[in-house]
Amino acid sequence: MLWKNIKGLVGAYDAPPPYLKGREMGSFPVLENAWLAIDEGVIADFGPMETFPGIADWTGLEVVDCEGKYVLPTWCDSHTHLVFAASRSHEFLSRLEGKTYQEIAESGGGILNSARALQEMSEAELLSDAHQRLVQAMRSGTGAIEIKSGYGLTAEAEMKMLRVIRTLEERVSIPVKATFLACHAVPEGDWSAAAWTQHMVDDVLPKVADEGLADYVDAFCEKGYFGLDETRLLIDRASRLGISAKVHVNQFNAFGGVKLCVDANAVSVDHLEELTSDDIAALASASESGQPVIATALPGCSYFLGIPYTPTRKLMEADVPVALATDFNPGSAPSSNMSRAVQLAILKSNMLPIEAIAAATLNGAAAMEVADRAGVIARGRAANVLMTREMNGLEDFAYDFGEEPVEKVFIDGAAL
Ligand code: NIG
Ligand code: FE
């Protein structure tokens, strides 16, 4: 397949970097008026139209004119809860009627509500629903994804979720990473946050590690959920088993979780709607040392809950690598559409279009350690790319805010 007259080929590298620091994100490359050759599902070559080599052999060749359209690497969604049992739209209605997200959670709704439904659902049914959601996410342009457990809230149901994620991984060719969200909410009954965490690290984590069911662990480090001691215990125990961490932190309150995660070499810290200057300094020094912790903003969650947007501009100015993800889940962000996250980051989180795109591709790949196979366009890589509709510039991702910017998605060179 030969694509010619591409308005801008985005994120194409001869030698791709592993991630981009904050101040580098604006230089994510855009090759104007370009061509791209895909052969047997792999990126064969690309370049500017002036150097277009011409076509020697037309046999079996499909030539596509991409006039006015951009071509990008597929999105890398590094934070999702895509495996869940049921919609929570009735809770959304309660919010519209005046209750807050926290009030709903405190009265047994929220994560506990999702857990009750998930415990009762069979693994087969859970898998089939999650597979459908994954296919939909891919159709909207996602070409690498991280998926968390955390709606099980029993040892058995957490393992069930993780097995579903591993089966999803077998069913698609794109990278799928599994995160054991061991500390998401304290289950009903006699549990305390400390006792639940102890149970998870003593009784469940070893099994999860043994069966190879998780690439990462995660905790909801937040007032009313899990504190610094629990988060530290989980990260330490996991790290002894060779599993690193991606952590929900600073969604509603900032109380030192970011520093804890930086000191523990987490791969990413996610949410960050509330950030102190100490938090930013900790992330900046990690970035400076060359061992960055990726700061992942989830603008869909801010939008849907009406909470502040992550101060991505401040993070980028401190040279922290920023990623964007959907947080796709039935409670706080019921959308798996990464283009929407990009649009919100541009409109609401003060990111330039090219910065938001770098955050949603290369840095998202880095936030799940798959930057060697996703997040950029490079020769010899799987042809996982998306084509936009005709645009005046990349700002149209947000300017035409009612339109779907992605027109076609290709995985291994095949249109979805
Ligand atoms: O990332 N904050 C914790 N977990 C999810 C939402 C959980 C839910 O409401 O189901 C999040 O927003
Ligand atoms: Fe989340």
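Is W196 buried or exposed? Select W196 in this predicted model: its relative accessibility is 2%, so W196 counts as buried.

**Stop 1: the aromatic pairs**

A search of the whole structure turns up nine aromatic pairs. Start with Y101 and F252. Their ring centres are 6.0 Å apart and the planes meet at 40 degrees, so this pair is classed as tilted. Colour by secondary structure to see where the two partners come from: Y101 belongs to helix α2 (residues 101–106), whereas F252 is in the loop between β10 (244–249) and α8 (257–263). The two are 151 residues apart, and the pair links distant parts of the chain. Both Y101 and F252 are buried.

W191 has 35% relative accessibility and so counts as partly exposed, while W196, at 2%, counts as buried.

**Stop 2: arginines over rings**

Select R133 and F84. The charged end of R133 sits over the ring of F84, at 3.6 Å from the ring centre. Then select R379 and F46, where R379 lies over the face of the F46 ring, 4.1 Å from its centre.

**Stop 3: ligand 1**

Show ligand 1 and the residues around it. There are 15 of them, and the closest are R88, Y101, Y151, Q251 and S332.

- R88: an N or O atom of its side chain is 2.8 Å from an oxygen atom of ligand 1.
- Y151: the corresponding distance, from a side-chain N or O atom to a ligand oxygen, is 2.5 Å.
- H271: a polar side-chain atom lies 2.9 Å from an oxygen atom of ligand 1.

Ligand 1 taken alone exposes 330 Å², and the protein buries 100% of that.

**Stop 4: K246**

Move to strand β10, where K246 is placed. How far is this lysine covered? Its relative accessibility is 0%, so K246 counts as buried.

Display the side chain and look at its polar end. A polar atom there lies 2.5 Å from the backbone oxygen of A367, and the backbone oxygen of S78 is 3.2 Å from a polar atom of the K246 side chain. Beyond its neighbours within four places in sequence, K246 is in contact with residues including E146, T179, Y216, D218, S268, D270 and M368.

**Stop 5: helix α13**

Select residues 353–360, which form helix α13. Eight of its eight residues are buried. Among them are P353, I354, E355 and I357.

**Stop 6: N384**

Finish at N384, in the loop between α14 (362–366) and β14 (385–390). N384 is buried, with a relative accessible area of 9%. Leaving out residues up to four places away in sequence, N384 touches L72, P73, T74, G143, I174, F410, I411 and D412. The C-alpha atoms of N384 and G413 are 6.5 Å apart, although the residues are 29 places apart along the chain.

Methods:
Residues are numbered from 1 along each chain as its sequence is written. Chains are lettered from A and ligands numbered from 1 in the order in which they are written. This is a predicted model: local features need pLDDT of at least 70, side-chain atom pairs count only at pLDDT 80 or more; totals for chains, interfaces and linings use all residues. Side-chain values use heavy atoms; hydrogens and water are left out. Rings of Phe, Tyr and Trp (its six-membered ring) pair if their centres lie within 6.5 Å; planes under 30 degrees apart count as stacked, over 60 as edge-to-face and the rest as tilted. Helices (H or I, at least four residues) and strands (E, at least two) are DSSP runs, numbered from the N terminus. Buried means under 20% relative accessible area, exposed over 50%, partly exposed in between (1.4 Å probe, protein chains only). A charge sits over a ring if NZ of Lys or CZ of Arg is within 6 Å of the ring centre and within 35 degrees of the ring normal. A residue is near a molecule or strand if one of its heavy atoms lies within 4 Å of it. A polar contact is a pair of N or O atoms within 3.5 Å; within protein, one must be able to donate a hydrogen and the other to accept it, and residues adjacent in sequence count only if both atoms are side-chain atoms. Accessible areas come from the Shrake-Rupley method with a 1.4 Å probe; for residues, only the protein chains shown count as cover. Contact means heavy atoms within 4.5 Å.
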